[in-house]
Amino acid sequence: MSETHTETVKEHAPASADSHPHGAAHGPASPGTDAGPGAGGLSLPERIYVVEVVRGLAITLGHLFRNLLFPGRFRTIQWPELPRPLPQRFRAKHRLNKWEDGHTKCTACMCCATACPAGCITIVAGEFSKPLVKVDAGVTKIIEKYPTLYDIDLLKCVYCGFCVEACPCDAIKMDTGKFPRAGYSREDFLWQNRFKDGLPTLERNAAEA
Ligand code: SF4
Ligand code: SF4
């Protein structure tokens, strides 16, 4: 009975380094012993660090000199001094379109504010003292309303472009190529427009690039 027990224990004992199929132990080397290359997973040059430090420096300096010799390889963009070219259809900060005589094309119909999923457009409608008559693509339009106030809170805006799609008058665009960047207060991100009899009296630009 006792012999059988002893044999079972031997069968489950860990294999020695000699009996490892690859001839090297995988466990950490015992302190004070030099098990040679492969001990602890590190070769001798790796364990004394100097060679690895020099190799790392060589890679870093290689990149430095390649970047200096071939500046086109630079991944860094010198923004905001050198703005990145934007795609043609980039939805940037809004602008309100005007007629040739300076009157705003916006008729304060509220379609954009209704379509806006962020609820960030505020419009206050006003009435022209005398209706504006315009011919657009051969169609005569009699315009009675304009926005006395047209604001967009660019902190809430998600730049979806729904306002542009919803506008029946081609009055709002997102083709300025600008977008808000840093600001110190919430007001810095409020794009404010005021009009009197359809003519702009104030446009306060939000912090923009
Ligand atoms: S881009 Fe979208 S979120 Fe921004 S104002 Fe227009 S509809 Fe609203
Ligand atoms: S911008 Fe266009 S959709 Fe918005 S209120 Fe003016 S006319 Fe209407």
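**Exercise 1.** Does Asp 170 count as buried or exposed, judging by its C-beta neighbours inside 10 Å? Work it out, then look at the backbone there.

*Solution.* Keep in mind that this is a predicted model.
- Step 1: find the spot. Asp 170 sits in the loop between helix H5 (162-166) and strand S4 (172-173).
- Step 2: count. Asp 170 has 11 C-beta neighbours inside 10 Å.
- Step 3: compare with the cut-off. A residue is exposed if 12 or fewer other C-beta atoms lie within 10 Å of its own, so Asp 170 counts as exposed.
- Step 4: check the backbone. Most residues other than glycine have a negative phi. Asp 170, though, has a positive phi, near 55°.

**Exercise 2.** Now try Ala 108: which loop holds this residue, and is Ala 108 buried or exposed?

*Solution.* 
- Step 1: look between strand S1 (95-96) and helix H4 (111-115); the loop there contains Ala 108.
- Step 2: the count for Ala 108 is 24 C-beta neighbours inside 10 Å.
- Step 3: the cut-off for buried is 20 or more, so Ala 108 counts as buried.
- Step 4: the phi of Ala 108 is positive too, near 55°.

**Exercise 3.** In what order do the strands of the four-stranded open sheet lie, and which strands are at the edges?

*Solution.* 
- Step 1: read across the sheet. The order is S2-S3-S5-S6, and the pairing is antiparallel.
- Step 2: pick out the strands that pair on one side only. Those are S2 (121-136) and S6 (199-204), the edge strands.

**Exercise 4.** How many bridges join each pair of neighbours, S2 with S3, S3 with S5, and S5 with S6? Find some residue partners along the way.

*Solution.* A quick reminder: strands of a sheet pair through backbone hydrogen bonds.
- Step 1: S2 and S3 share 12 bridges. Here Glu 127 stands opposite Lys 145 in S3.
- Step 2: S3 (residues 139-153) and S5 (residues 190-196) are joined by five bridges. Tyr 150 has Asn 193 in S5 as its bridge partner, while Asp 151 is partnered with Gln 192 in S5.
- Step 3: S5 and S6 pair over five bridges. Arg 194 faces Leu 202 in S6.

**Exercise 5.** Which residue has a positive phi in the S2 and S3 hairpin, and which one in the turn between S5 and S6?

*Solution.* 
- Step 1: the hairpin of S2 and S3 leaves two residues between the strands, and Ala 137 takes the positive phi, near 50°.
- Step 2: the hairpin of S5 and S6 also has two residues between its strands. In that turn, Asp 197 has a positive phi of about 50°.

Terms used:
Residues are numbered from 1 along each chain as its sequence is written. Chains are lettered from A and ligands numbered from 1 in the order in which they are written. This is a predicted model: local features need pLDDT of at least 70, side-chain atom pairs count only at pLDDT 80 or more; totals for chains, interfaces and linings use all residues. Two strands pair if DSSP finds at least two bridges between them.
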